[in-house]
Amino acid sequence: MAEDDPRRRIPRTDRLLGTPALADAVARLGEATVKHAVTSAQARARAGEIAPEDVARVAEAGLPGRATSLRPLLNATGVVVHTNIGRAPLSAAAVEALVAASGYVDVEYDTGTGERARRGRGTLAALRAAVPAAGDALVVNNGAAALVLATTALAAGREVVVSRGEMVEIGDGFRLPDLIASTGARLREVGTTNRTTARDYADAVGPDTGCILKVHPSNFRVEGFTSAAEVSELVGLGVPLVVDIGSGLLAPDPLLPDEPDAATALGRGATLVTASGDKLLGGPQAGLVLGEAAVVERLRRHPLARALRVDKLTLAALEATVRGPRAPVTAYLHVDADAVRARTERLADRLGVRVVPVVGAVGGGGAPGLELPGCALELPEGCAVRLRRGDPGVVARLEGGRCLVDLRCVPPHEDELLAGALAQALSDGLRAADGGG
């Protein structure tokens, strides 16, 4: 290499990592991440793409904004519980609880006695207080796990009686028959796809029955000549009755008259109720088990419960969700339509676009068919991909060749951030149309 070769001026890796900006980045992002950015910038300098004096600046610019690859997104789809972008957004109280639980906490330690205590006792107490009909509660890592644990503990090697009309697929190819089979239980199907009576269940119950399972078909709806046995009709058949309500509604909600809730199911005699914590409840991913204290304890003592146990972060966020203020999911479902329209019209005036009527959805398998009337900004279809890839990322809805931006699930304090993203997407679209890339 000649003495005047500019590559000689490329700073060494150790010197770059020692600069204040990159040293701070190491503490925030980790040495491997920062070193990769540094060596990439050095390689560009060796190739003559950048000047040696620019290596530090280019390395800093190449650093990610955070240590995780997950990107925060604005949900402008109008779908409240959107599985692909994380289902329920946590409340501020739940986020604060997560941070508090990130260090050492008394998750299963009694600071008064200095001895071991019941794990997550505050969270379980919050669930019992929220659903007084529940003698006890248990939390596992998701809704499917709650159902698997219940059927394993009650019916492994025995029969689970379930209606043919409730043999659902819960998403991503996972089907109820396969989940039950994985527990070592045998399915005893009763009734037909569209009609199952209490007599069908009663005729199927026998010495080999471990439990009756009633599943809410939350992600579809059957109409026409249909009937299904009520929970109250299945009580007293001599075996535990497990009711999977799916979306995690703890108490009745007038907006969702056809959505089952834990309090009602237990009040009508269900032995156990299982549900998800990150759908209509609005908390972190979790599986809830509520019901008769002796049966819940039976599940708690089953060896599988240890494998399905949740961590301190989930317990903290779930307790804050149950005890704390209204969760975002609830707020978005019961949004003030006039306030959302006013926000939408203000943005439309700034951007020079139209406001059009739209229909939102609950999502996450909750309340299928329920329409949530609203409004949205109408943008050219090509804006959708630019919004998704922008910073911040905005997920809108494509419909009829249009990009529709629904503010139902966008917090008002994010309106300025959204406005900037929309203006950029529209500007980039105009530049592309003019041949500018």
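Me: How do strand S14 and strand S17 pair, and over how many bridges?

Reply: Strands of a sheet pair through backbone hydrogen bonds, either parallel or antiparallel. Here strand S14 (residues 372-380) and strand S17 (residues 402-405) pair in the antiparallel sense over 4 bridges. Two strands count as paired if DSSP finds at least two bridges between them. Strands are DSSP runs (E, at least two residues), as are helices (H or I, at least four), numbered from the N terminus. Leucine 377 stands opposite valine 405 in S17.

Me: What should I know about the model itself?

Reply: This is a predicted model: local features need pLDDT of at least 70, side-chain atom pairs count only at pLDDT 80 or more, and totals for chains, interfaces and linings use all residues. Residues are numbered from 1 along each chain as its sequence is written, and side-chain values use heavy atoms, with hydrogens and water left out.

Me: Which strand pairs with S17 over 3 bridges?

Reply: Strand S16 (residues 397-399) does, in the antiparallel sense. Arginine 397 stands opposite leucine 404 in S17. The hairpin of S16 and S17 has 2 residues between the strands. Glycine 400 takes a positive phi near 60 degrees there.

Me: How many disulfides does the structure hold?

Reply: A disulfide is a covalent bond between the sulfur atoms of two cysteines. The cut-off here is a pair of cysteine sulfur atoms within 2.5 Å. The structure holds 0 disulfides. Take cysteine 383: its sulfur is 5.7 Å from the closest cysteine sulfur, in cysteine 403, so the gap is too far for a bond. For cysteine 409, the nearest cysteine sulfur is that of cysteine 375, 13 Å away.

Me: Is cysteine 383 buried or exposed?

Reply: Cysteine 383 is buried, at 1% relative accessibility. Buried means under 20% relative accessible area, exposed over 50%, and partly exposed in between (1.4 Å probe, protein chains only). Cysteine 409 is also buried, at 6%.

Me: In what order do the 7 strands of the open sheet run?

Reply: The order is S4-S12-S11-S10-S9-S5-S8, with mixed pairing. The edge strands, S4 (136-140) and S8 (186-190), each pair on one side only. The twist averages 25 degrees from one strand to the next. S4 and strand S12 (residues 287-291) pair in the antiparallel sense over 5 bridges. Aspartate 136 stands opposite glycine 291 in S12.

Me: Which strands does helix H6 touch?

Reply: Helix H6 (residues 121-130) packs on the sheet, touching S4 and S12. Contact means heavy atoms within 4.5 Å. The direction of H6 makes about 125 degrees with that of S4. Axes are lines fitted to C-alpha atoms, for helices over the stretch in contact, and angles run from 0 to 180 degrees between N-to-C directions.
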